[in-house]
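Subject: Structure for your review

Dear colleague,

Please find the structure below, followed by a summary of what was found in it.

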Amino acid sequence: MHPPRSYSPSLLGVYQRCPRRYYHQYVVRVPRRTHDSQVVGINLHGALEVFYRQGGFRTGSPATAIAQLESAWADTDFSSPEASAAARRDAVTMLAAYLDAEAAAPPGETLMVEQRLKATVEGIPLRGIVDRVDRQANGELVLVDYKSGHSDAQGLPPGTLLQLAVYRQLIARSALGQPPDRVVLASLRGGNRDIMLSAQAWDEALQQALDLARQLAADDDFVARPAASCVFCDYQHRCVPWLQTTAAELPGAEGPVVTAEAPSQS
């Protein structure tokens with residue numbers, strides 16, 4: 001089986017959570033649903049991209065970003081008109097709160113916005129899309145990564161350190177020529193959070209990503225890894241190990257899990 005031509009943090013994150021899910025999503029490419037929460041994230045990223053590409057607070061205001069969000073909104077992208085209306089109100093609230101907080105201490109010069117980057121590290125081709133990189137007035141280079149699906153109180157989403165370590169390395173190998181001095185996780189639901197790690201810790205997170213890529217490249221079996229999070233997987237009906245696993249056997253399960261009868265084939 002051919003390995004991917006390059007490795008993104010999202011691809012590696014899927015493989016890390018469950019090789020079988022990776023197989024369905026990236027090898028067989030089984031179509032999957034776009035969840036309402038994903039559409040909200042896409043719309044918020046789009047509005048922030050336009051806002052900062054057009055000069056950010058030097059040329060606009062939170063109101064201009066909200067106008068951009070609403071102009072690009074489409075009810076047909078959601079599961080129902082009611083879901084769209086609720087999501088729209090939530091997205092406007094998040095965007096307004098985030099940009100109001102940013103306006104109190106505007107970033108310096110924005111150098112990258114939704115920038116596609118790629119580089120080969122230790123023979124592994126990496127790629128990623130960086131949300132934003134700013135140069136502060138004191139010369140600091142700051143990587144800003146948006147998260148719309150969690151609040152700071154919930155801790156880091158799974159795979160976040162791996163993702164940010166890859167982004168740091170891609171930025172270091174870009175025209176900027178250095179890794180960011182600061183990494184900020186911008187939770188649109190709960191404010192900014194500086195990710196404070198030593199250079200050694202960042203290197204270890206990057207090495208984990210590279211090791212995952214090597215493991216993926218050599219994997220021919222893509223064995224399922226049933227867990228409580230499988231309840232959110234779009235490929236449940238194709239996964240015999242999940243369908244045959246009881247709630248008590250699921251790592252991290254806190255209650256009963258309803259499963260369907262296992263099909264005769266995987």
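Leaving aside its neighbours within four places in sequence, which residues is Y26 in contact with? They are S10, L11 and V14, where contact means heavy atoms within 4.5 Å. Y26 is part of helix 2 (residues 19-27); helices (H or I, at least four residues) and strands (E, at least two) are DSSP runs, numbered from the N terminus. Y26 counts as partly exposed because its relative accessibility is 22%: buried means under 20% relative accessible area, exposed over 50%, and partly exposed in between (1.4 Å probe, protein chains only). The C-alpha atoms of Y26 and L11 lie 8.0 Å apart, although 15 residues separate the two in sequence.

Two points on the source apply throughout. This is a predicted model, in which local features need pLDDT of at least 70 and side-chain atom pairs count only at pLDDT 80 or more, while totals for chains, interfaces and linings use all residues. Residues are numbered from 1 along each chain as its sequence is written, and side-chain values use heavy atoms, with hydrogens and water left out.

Not counting residues up to four places away in sequence, L12 touches Y7, L162, A209, L212, A213 and L216.

In helix 4 (residues 62-72), the residues P62, A65, I66 and L69 are buried. These four lie on the same side of helix 4 because they cover an arc of only 100 degrees around the axis, the arc being that of the directions from the helix axis to the C-beta atoms. The buried residues of helix 4 pack against helix 3 (36-53) and helix 5 (81-104). On the face turned away from the buried side, helix 4 carries the exposed residues A63 and S71.

Yours sincerely
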